Protein chains: 2
Amino acid sequence: MHTIKDVARLAGVSPSTISKYMNGGNVREENVKAIRDAIAALDYRVNPFARSLKTQRSQSIGILLPDISAPFFGTVVTALDKTLREHGYHTLISCYSANHALERENLRYLLSTGVDGLVYIPEDLSAEEFYELTANCSVPTVQIDRVIQGVAGDAVLVNNADAVYTATAELIRRGHRRIGLISGPKFVSSAKERQVGFLRALSDHDILFDEELFFSNDHAFATGYQGCEALLSLENKPTAIVSTNHDITIGLVTAIRDMGLRIPEDLDVFGFDCKDVCTMMKPSIPVIYQPEQIIGQTAANYLIERLRGYNGQPRMTRLECSIVL
Amino acid sequence: MHTIKDVARLAGVSPSTISKYMNGGNVREENVKAIRDAIAALDYRVNPFARSLKTQRSQSIGILLPDISAPFFGTVVTALDKTLREHGYHTLISCYSANHALERENLRYLLSTGVDGLVYIPEDLSAEEFYELTANCSVPTVQIDRVIQGVAGDAVLVNNADAVYTATAELIRRGHRRIGLISGPKFVSSAKERQVGFLRALSDHDILFDEELFFSNDHAFATGYQGCEALLSLENKPTAIVSTNHDITIGLVTAIRDMGLRIPEDLDVFGFDCKDVCTMMKPSIPVIYQPEQIIGQTAANYLIERLRGYNGQPRMTRLECSIVL
DNA sequence: CTTTTATCGCGAAACGATTCGCGATAAAAC
DNA sequence: GTTTTATCGCGAATCGTTTCGCGATAAAAG
């Protein structure tokens, strides 16, 4: 491997001139040619470590999220990656597998690698912990999908409450009065908002909320499956169920099929996040669909503006979900 | 931000002692205490750039793949990330969106960031190009899911041919004689192998292969959808279709449903990669399922051994897929 | 032809860790 | 009490860039 000095020697100029050339500075035409030749001859590439040591920048963005294998996150990350890359940043992804200890550890680790910015999908971290961990790093952060209560920073969210409100209202319009909800963890802000939309729809239509019809656990397949079993073993069963994420929806539908029930005749369902699968069904299952790409793009743009020096108030976007009937 | 010198001054020892302490060397008990206190007092963290400059290691592994939003890749990457992290490495993910120019560019970029190793799911790169790009980096590489013809290196693959053979044979057992195949790009090694298994099953059962029944395009939903339309618009339609990846399967099933046909009465189907969705269907769709987690773990372990200095012949694992009926 | 102005190259000093060999100290052996 | 042995700390050099101010050269202005 060759260094900038080797190139300088071969090109007959000083190392600083090479550096200037590499970073887009003004260099005399004849030198440009000599430098270009020397670089090609030696197959020189800048040493990223040395550069970062001097500049204290890594041109990389950390993405901390629960689980990259969830299609929703996968698509968001793809969009993030694409947009960031277009601006010369690359992404460093860290999954904490919805494990709360790992969430802290990976955050610490990500920050310790010297990322220039952070995109964060939090699950179980308090504002104090967040500030403690990010103290003396001053890494601009954008929260996505959910937020930590009390953290002031840019955020890109969706209008969860309205989306679930619309879904629930649609089920009510179809004549349902006993509607179940299967939801993610209560301490996750997006899950909470989805619950709020559900409750508001019920009360707006003068339906009394029955605590029994609310099933909450983690964001997994099993939650959908077991939630379905639990709700249908009630004395006073629901006639429809609203799901609030991808895996829960798949689990829910699987349970229904395993019980030999038909959708929507025996039990009506509203899906979430799995548009392709829901529209594949016959008859198709109505579904709430988040603008995954736009979420990623918006977050990336927020971050890029901060990295360019924008220093205004925290901004928050709430994007609308679409409902596919 | 504080440096190692600040800590040294405060603890009353030399910077080299601090370095020793940080890296697990032997340090006298009384100094350990002083150093620990000093680090805590200053909230000192090592500067990753300076460390990497000196050691020429980044403790990070690049993952280059077509698309992180595909559930198969998502799960593989999750397993990779987990295993690598347990060994002190973190992952740097780069998607090239099945775009061939981007594949080269991102490979170049990933290498330029100084990753210590590479996990690569290639699509359209020749061995010459690969060697040219990786020359003078000497980055250990593990290929996953597919390989570039002519690249000698560790690889973790599945037994694609046998899996599709078994699936096709099962359809033949069910009485089908005209069976279609919808496949990814012909130049991708895994797609090729799947095709080989398909053809072998046909010939082993004395069924003449009809070129018309073979539809190949990219690995997308639309390929499954359009492939289905194309095959079913043939004069001599197939009575069953084998799919060869997740999105193609979803597209295929969607097309079938949109045409108002029933599975398996009107058209039998064999799915790929989407176990949850296929088993959710009623009646369930048989499906080929790859050991995603094990793929990730195996690849990570290969890489870790190389990074520890193992320098033997390239190794290749072929894992068996399971068939869920 | 001289003066002003702009352009660029140069050298040296960072950036913040790790490494290496030497020397000092303390414990163990005799 | 002296020698041997092991343990650890120290200082200086090094990794390969970028940056900054000064000086040199060339072009433009008078």
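Reader: Of the atoms of DNA strand C within 4 Å of the protein, what share belongs to sugar or phosphate?

Author: First, the ground rules. This is a predicted model, where local features need pLDDT of at least 70, side-chain atom pairs count only at pLDDT 80 or more, and totals for chains, interfaces and linings use all residues. Side-chain values use heavy atoms, without hydrogens and water, residues are numbered from 1 along each chain as its sequence is written, and chains are lettered from A and ligands numbered from 1 in the order in which they are written. Now your share: 69% belong to sugar or phosphate, and the rest to bases.

Reader: How many residues surround DNA strand C, and which are the closest?

Author: A residue is near a strand if one of its heavy atoms lies within 4 Å of it. Here 27 residues surround DNA strand C. The closest are A:Ser14, A:Arg28, B:Ile4, B:Ser19 and B:Tyr44.

Reader: What is a polar contact?

Author: A pair of N or O atoms within 3.5 Å. Within protein, one must be able to donate a hydrogen and the other to accept it, and residues adjacent in sequence count only if both atoms are side-chain atoms. Take the phosphate oxygens of DNA strand C. One is 2.6 Å from a polar backbone atom of A:Arg28. For the side chain of B:Tyr44, the distance from a phosphate oxygen to an N or O atom is 2.8 Å. For the side chain of B:Asn23, it is 3.1 Å.

Reader: Which element gives the largest share of the surface near DNA strand C?

Author: Helices (H or I, at least four residues) and strands (E, at least two) are DSSP runs, numbered from the N terminus. H4(B) gives the largest share, with 5 residues. H2 and H4 of chain A, and H2 and H4 of chain B, each supply at least two residues.

Reader: What area is buried between chain A and chain B?

Author: The size of an interface is often given as the accessible area lost when the parts come together. Buried area uses a 1.4 Å probe and is summed over both parts. Between chain A and chain B it is about 4,300 Å², with carbon and sulfur atoms giving 58%. Contact means heavy atoms within 4.5 Å. It takes 51 residues from chain A and 51 residues from chain B.

Reader: How many salt bridges cross the interface of chain A and chain B?

Author: A salt bridge puts a side-chain nitrogen of Lys or Arg within 4 Å of a carboxyl oxygen of Asp or Glu. The rule finds 2 across this interface. One salt bridge joins the side chains of A:Lys282 and B:Asp258 at 3.5 Å, N to O.

Notes. Buried area = accessible area lost by both parts, 1.4 Å probe.
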